[in-house]
Amino acid sequence: RRILRPAEAGPERGAVFGPALDCGGEPLGIRHRGQVVIARGLAQQRTDAGGVEARQADDRMRGAERGFGGRVLLVDAREDWDVDDRTWCSFAVGPHPFVGAVAHRWARVRVREGGRERLLDVGRTPYVHVPARDFYRAAFARLGSAKRFVVRGGVRVDGLVPEPGGVRAETSAGVLRARWAFDARPALPPPGGTPRLFQHFRGFFVRTEAPRFEPGVATLMDFDVDQGRGLRFRYVLPFAADRALVEDTYFTETTFPIGEALLEDLGAHVVEREEGGVIPMTVDRFPVRPGIRRIGLAGGVAKPSTGYAFEFAQRDAAQIADALVRGAPPPPFRRQAFLDEVFLGVLARDPAEAPALFYRLFDRNPPARLVRFLSERATPLDHLGVMASLPKRPFIAEALRRVHARAALFGLA
């Protein structure tokens, strides 16, 4: 669910991962040619590790080594990966190479609004939590088993420049050249005339003196908090009756500092550590540049209407890995963007009504349909059911506005 942290934005936190690089004799010491990937965080590890389902991962990793015909280099400005610096969550809708890194599962999820509560049984596709440290260990264990993969820390990526036959990556270790570049450094695409919000949050890993949490239920959205600064909800992942991740989350047009007021009703407690960040909620994309493929948040893997990204980053990485093994150009990441665009427009136009809309979405759809919809595995019948569960007037009006805006963009209105 969470990827971007404000402190990580910019080239100083960039990373390079790339098959078969020409480093021109620089300290990285790899002189081959092939593909290069500029990456950061989740997408970097997903693409490096193959981006595949668990039952296919080993075969595809071996295939990747044969198909690339050169080495794979991953560089990052950071050098310490033995840290829990972020949290990833998703519904377990399919196998992946990091199932072993899942630390917690919740068979029930909760949404609250206006004194009402909706409790959903999602036991067949539980809500799962992957701590960063376990994820990094699993990813690097996979990379360590592949002879062509090389990891270098303490290397900063400053820029990417398309050139004939490939891409030049300018780094603190020198110039790297390769056929393809995959760039996941956090960045915001230019405005494209569509609605745009920011999901920004501050999370606290707390231990309470008295039992305060229900370990078997994850609270995805609790809107019964002060809404004076914009659309806001409490997000709670309970690890035990006295331990949980409690996040204060906003969907707003601008970001601002978030305090600790949300913890006041916990009684005596200790904050063991914090995390926080910003996720752009937008369907806008970066312009295509020759030889460069954006991945991660910059590549649009976060679902614009919710911020979920873990599942989508895996799918994108799988498509990239398959294409490179076949020697084909990496395909663009595609998603069902129009419904998200409409939903974002409704949220941005009338944020005061958003809590009731989200509650209605969870209340009027069966758990299986809801999970498929949030995970973008919905069937046409699922989409019809979701649309029928929401109020017609604001969504039809926003859909017409979005269609008109798209027509105007192409000179058809």
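## Overall make-up

Of the 413 residues in the protein, 55% are buried, a class that requires under 20% relative accessible area, with exposed set at over 50% and partly exposed in between (1.4 Å probe, protein chains only). The model is predicted, so local features need pLDDT of at least 70 and side-chain atom pairs count only at pLDDT 80 or more, while totals for chains, interfaces and linings use all residues. Residues are numbered from 1 along each chain as its sequence is written, and side-chain values use heavy atoms, with hydrogens and water left out.

The secondary structure comprises 9 helices and 19 strands, taken as DSSP runs (helices H or I, at least four residues; strands E, at least two) numbered from the N terminus.

## Nonpolar core

The largest nonpolar core holds 52 residues, among which Phe-91, Tyr-127, Leu-220 and Leu-237 touch the most other members; such a core is a set of buried Ala, Val, Leu, Ile, Met, Phe, Trp, Tyr and Cys residues joined through side-chain atoms within 4.5 Å. Helix H6 (residues 354–363) supplies the largest share of this core, 6 residues.

## An antiparallel strand pair

Strands E11 (residues 166–171) and E12 (residues 174–178) run antiparallel and are joined by 5 bridges, where pairing requires that DSSP find at least two bridges between the strands. A hairpin of 2 residues connects E11 to E12, and Arg-168 stands opposite Arg-177 in E12.

Met-387 lies in helix H8 and counts as partly exposed because its relative accessibility is 42%.
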